[in-house]
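Me: I'd like to learn how to read a model like this one. Could you walk me through it, feature by feature?

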Amino acid sequence: MDTEKKVFQKRGVDYPIIDGTRTLPGKYYHSREIYDEEVEKIFYKFWMFACRAEELPQVGDFKLIQVEDESLILVRDKSNNINAHFNVCRHRGTQLCTEASGSYKSKNIQCPYHAWTYDLDGKLISAPMMQEGHGFQKDQCNLHKANVHVWEGFVFINLDTDPIPFEEQMEALIGKFSNWKMDQLKIAHHIRYELKCNWKLILQNYQECYHCPGVHPLLTELTPVQSAQHDSSKGAVIGGFMDLTKERGSMTMNGEAAAPPVCDVSGEDLQRIYYYSVFPNLLLTPHPDFVLFHHITPLGPGKITNDCYWLFRPEIINDPNAQAGIKSAVDFWDLTNRQDWQVCEQMQIGTKSKRFTRGYYSGREDILHQLDMEVLKALGHEEES
Ligand code: FES
Ligand SMILES: [Fe+2]
């Protein structure tokens, strides 16, 4: 194994480059074959974030979620449960729903082709002119379901027929942010970014602040790079925090809190910004006064959508005097996001070069190596580590 001992200095900070820890080979960002393997072994196997429960407030409300070739109808049923139905009619396989979101006013789901009709919980309730027998059993033709788990208002789905228990994959999250009472928070703002880069580059970028002094001068003023620490690295959930320079500050354009602290947040959490990457597609950033999160949707090896949401307490969202604070939080993260997207897209281009084989991680990027290991382990490619 290669070993290198160097110290890279930037703006007075020493960054050791640790012995021999190498990045993923470039093909992991570009190969269609590897991406297809990721779809099968990660996106169709792991719990994935889908939407916020508040996006489906009423019985019949739905939202479509695309996971590569699979389309899922997330819908609230008459028992107030959220279901994730495969968007596939059991008659001849027609896609049932084409609208991105909406509400089933009739409180049922009807196929546009021959009018087979399903209850909101997926039960086939009408199949016109079909006679039972000769192989057709009505009770065998309910919609196929994906697994659903709601954690703190975040709806996760799992497409596997034999899923890993949610608590096992998300062990590090359970009970972690209960003081934020995130199930009570509401979406104050949403921005969709369309990016030309691999999904893993966004997770990597999120988990290190080695790049912060050069890429994010304003962020570095508000939270010094040296304060970055990891407090969780269990399996698929990797997390840490940074300290705020300003007392009772936050990540806003002027560094002032955008709102009073969220629910029961107290003590040292009033001075911290947490960064949790919930592998594979959620980046969760609880602040003392609001919660930011990114929902990543891979669309091929070199393309993603990244939906960024700002959650605040409902009374803050409805307070006309609080709007400037919300805007300051939105503007800060929109600026910071765009700075990140620029370098991620440049890395996507650079790593395609034949001259790029593997790079070197610094001591401030050790957690990225762990993230890479999660990917390689899921793919069964441990020999590439
Ligand atoms: S394909 Fe749906 S009712 Fe025929
Ligand atoms: Fe960044």
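What follows is a short talk through the metal site, the sheet, the pocket and the cavity.

Reply: Ground rules: this is a predicted model, where local features need pLDDT of at least 70, side-chain atom pairs count only at pLDDT 80 or more, and totals for chains, interfaces and linings use all residues. Residues are numbered from 1 along each chain as its sequence is written, chains are lettered from A and ligands numbered from 1 in the order written, and side-chain values use heavy atoms, with hydrogens and water left out.

Me: Which atoms coordinate the iron ion (ligand 2)?

Reply: Donors are N, O and S atoms within 2.8 Å of the metal (3.2 Å for Na, K and Ca); water is not among the atoms, so sites may look incomplete. Here they are NE2 of H211, NE2 of H216 and two OD atoms of D340, at 2.0 to 2.6 Å. In sequence the donor residues follow the spacing H-x4-H-x123-D.

Me: Why is the arrangement around the iron ion (ligand 2) irregular?

Reply: Four donors count as tetrahedral if all angles lie between 85 and 135 degrees; four count as square planar and six as octahedral if opposite donors are over 155 degrees apart and all others between 65 and 115; anything else is irregular. The 4 donor atoms subtend angles of 56 to 147°, which makes this arrangement irregular.

Me: In what order do the strands of the open sheet run?

Reply: Strands of a sheet pair through backbone hydrogen bonds, either parallel or antiparallel. Strands (E, at least two residues) and helices (H or I, at least four) are DSSP runs numbered from the N terminus, and two strands pair if DSSP finds at least two bridges between them. The 7 strands go β3-β12-β11-β6-β5-β4-β7, with antiparallel pairing. At the edges sit β3 (48–52) and β7 (101–103), each pairing on one side only. β4 (residues 61–67) is joined to β7 by 3 bridges, and K63 stands opposite S101 in β7.

Me: Which residues lie nearest the centre of the largest pocket?

Reply: On a 1 Å grid over the protein atoms alone, a pocket is an open set of points with protein on both sides within 12 Å along at least five of seven lines, a cavity is a set where a 1.4 Å probe fits but cannot get out, and lining residues have an atom within 4 Å of a point. Of the 22 lining residues, E208, Y210, H211, M347 and E365 lie nearest the centre. α7 (323–350) gives the most to this lining, with 4 residues.

Me: Which helix gives the most to the lining of the largest cavity?

Reply: That's α3, with 4 residues. The lining includes W199, K200, L203 and Q204.
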